[in-house]
2 protein chains.
Amino acid sequence: MRIISETTELGVTERAFELEVDGERVPGILWLPEGAEGARPLLLQCHGGTQHKRIDTIVARARSFVRHHGYASVAIDAPGHGERATEEDRERMRRRIAGGLRALGPEELRAMAARNAQAVREWKAVLDAVQKLPEVGQGPVGWWGLSMGTAIGVPFVASEPRVRAAVLGLAGVRTEEFEQLARRITVPVMVMCQWDDEVAPRDSVLKLFDVLASKEKTLHANPGRHVEVPAYERAAWEEFFVRHLGRAV
Amino acid sequence: MRIISETTELGVTERAFELEVDGERVPGILWLPEGAEGARPLLLQCHGGTQHKRIDTIVARARSFVRHHGYASVAIDAPGHGERATEEDRERMRRRIAGGLRALGPEELRAMAARNAQAVREWKAVLDAVQKLPEVGQGPVGWWGLSMGTAIGVPFVASEPRVRAAVLGLAGVRTEEFEQLARRITVPVMVMCQWDDEVAPRDSVLKLFDVLASKEKTLHANPGRHVEVPAYERAAWEEFFVRHLGRAV
């Protein structure tokens, strides 16, 4: 793990890093309280398709968890996204955004699955690396990821015992393989469902909620399309993670 | 409106009252901040079937809204409940509890509809009466009612423009008439769904959420049976009402 830059603003230190995983350069950002020492809860944030590690909402959430609850938070660019996007990737994403969002077809789901398996390996390597830092340590880990962040999050959380709570959603059960992974998740999960989601059909998201093996799971559904999650849910996510992972301040 | 008794404890005044509506004596309780003056948000709390106006959860919620947010809150005994239960009513409720909860049949739903129409008239009279008190006034009104509190709440909220936000749920759309009433509700609503509800089938509750005309509505679903709503939802209800009705402290 190589540190590229570090800046501190209003008590929050933002550290850009890169890590080599399976021969690929994975760029990431780690947020920490200024001068942090010792273990603390860690929030992993996985962006959605066409987004990247430093979109406004991820930065805002990281800063809020760091400042109000003493968390560490980390985000990385998924394969084909952010700094890792080729010109071809960028063109594909431009077309996808311009054409209006829609549910992926079976072939796209298969291509996505291979990429997501790679993303899961990368997240495990990133988690290993940041937990070795004494200012992060072996505290409880949370996963926040909607849409593609759930396509990656379900296999990640299902296979990663260090994750103790997850916010998932805006993605649902579309394949038998995905359902089997979801059935292996036992930690507390909050599932977000957009009632008029044009990308993740409502029933597939309700099915995801239904099949999770978690004894404690909660579904928040709201009217609106894929990218219209209401702002008031931010407080619900914060309350959810603090309830399950605690605080470090 | 006749005041029967008044006690104050830890800053919360609890006033027992009775009101005559359509020749029936309706007993109720009004909670207020000690020494309250002027208008404030008012939370109407409608208990569920077999319960009464002063069950623990209603008292706890009233005290919390009064102390933390300066609200007034009111609860009354529904027809055939609490002080209004005849020996026959009590025997019927004992049998219902002993036999295990289950969904009501069509005949029971019809009998219930007549009783609920009466309850709606009573709530309107109670709202008229308490809003005439200067210490309650014409502030924004919220409705909290699950299960039977939704069977009564949907026709009440649909026909009562003073209600500005409602928590409903643990009851769903079972008749065409109820659906038409739900379709007339336009204020913000939070719908509670118990995923394994043996009284209000999950799909009927999702249908209730679906048909509400409210632009802002939010569904919270959790695993468990009818009476197993998780304790953490209390904070969500408080946040919901404060967001929509404001505070008076």
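1. Let me start with B:Glu135 and its contacts, where contact means heavy atoms within 4.5 Å. Leaving aside neighbours within four places in sequence, B:Glu135 touches B:Arg15, B:Leu32, B:Ala36, B:Gly38 and B:Arg40 in this predicted model. B:Glu135 sits in the loop between α3 (106-131) and β6 (141-145) of chain B; helices (H or I, at least four residues) and strands (E, at least two) are DSSP runs, numbered from the N terminus. At 14% relative accessibility, B:Glu135 counts as buried. For the cut-offs, buried is under 20% relative accessible area, exposed is over 50%, and partly exposed lies in between (1.4 Å probe, protein chains only).

2. A word on conventions, as you will want them for the rest. Residues are numbered from 1 along each chain as its sequence is written, and chains are lettered from A and ligands numbered from 1 in the order in which they are written. The model is predicted, so local features need pLDDT of at least 70, side-chain atom pairs count only at pLDDT 80 or more, and totals for chains, interfaces and linings use all residues, while side-chain values use heavy atoms, with hydrogens and water left out.

3. B:Ile185 is another loop residue to look at, between α5 (176-182) and β8 (189-194) of chain B. Is B:Ile185 buried or exposed? B:Ile185 is buried, with a relative accessible area of 1%. Apart from neighbours within four places in sequence, B:Ile185 has contacts with B:Val154, B:Val157, B:Ala158, B:Leu212, B:Ala213 and B:Ser214. From B:Val157, B:Ile185 is 28 residues away in sequence and 6.7 Å away in space, C-alpha to C-alpha.

4. Please also check residue 10 in both chains. A:Leu10 has a phi near 50°, a positive value in a residue other than glycine, and B:Leu10 likewise has a phi near 50°. Most residues other than glycine have a negative phi. A:Leu10 lies in the loop between β1 (2-9) and β2 (12-21) of chain A, and B:Leu10 in the loop between β1 (2-9) and β2 (12-21) of chain B. A:Leu10 is exposed, with a relative accessible area of 61%; B:Leu10 is exposed too, at 60%.

5. Now for chain A as a whole. Its secondary structure comes to 7 helices and 9 strands. The radius of gyration of chain A is 17 Å, close to the 18 Å from the globule rule for 249 residues, so chain A is as compact as a globular protein of that length. That radius is taken over C-alpha atoms, and the rule is 2.2 Å times the number of residues to the power 0.38. The C-alpha atoms of chain A fill a box of roughly 45 × 45 × 30 Å along the principal axes. Of the 249 residues of chain A, 58% count as buried. Among the contacts in chain A with a separation of 6 or more, 70% come from residues 24 or more positions apart.

6. Finally, how are the two copies related? A rotation of 180° with 0.0 Å of shift along its axis superposes chain B on chain A, with an RMSD of 0.0 Å; the two copies are thus related as by a two-fold rotation axis. B:His220 comes closest to the axis of the residues of chain B, at 2.4 Å (C-alpha). Of the interface residues of chain B, 100% are also interface residues in chain A, so the copies meet through the same surface.

Definitions and conventions. Least-squares fit on C-alpha atoms with pLDDT ≥ 70 in both.
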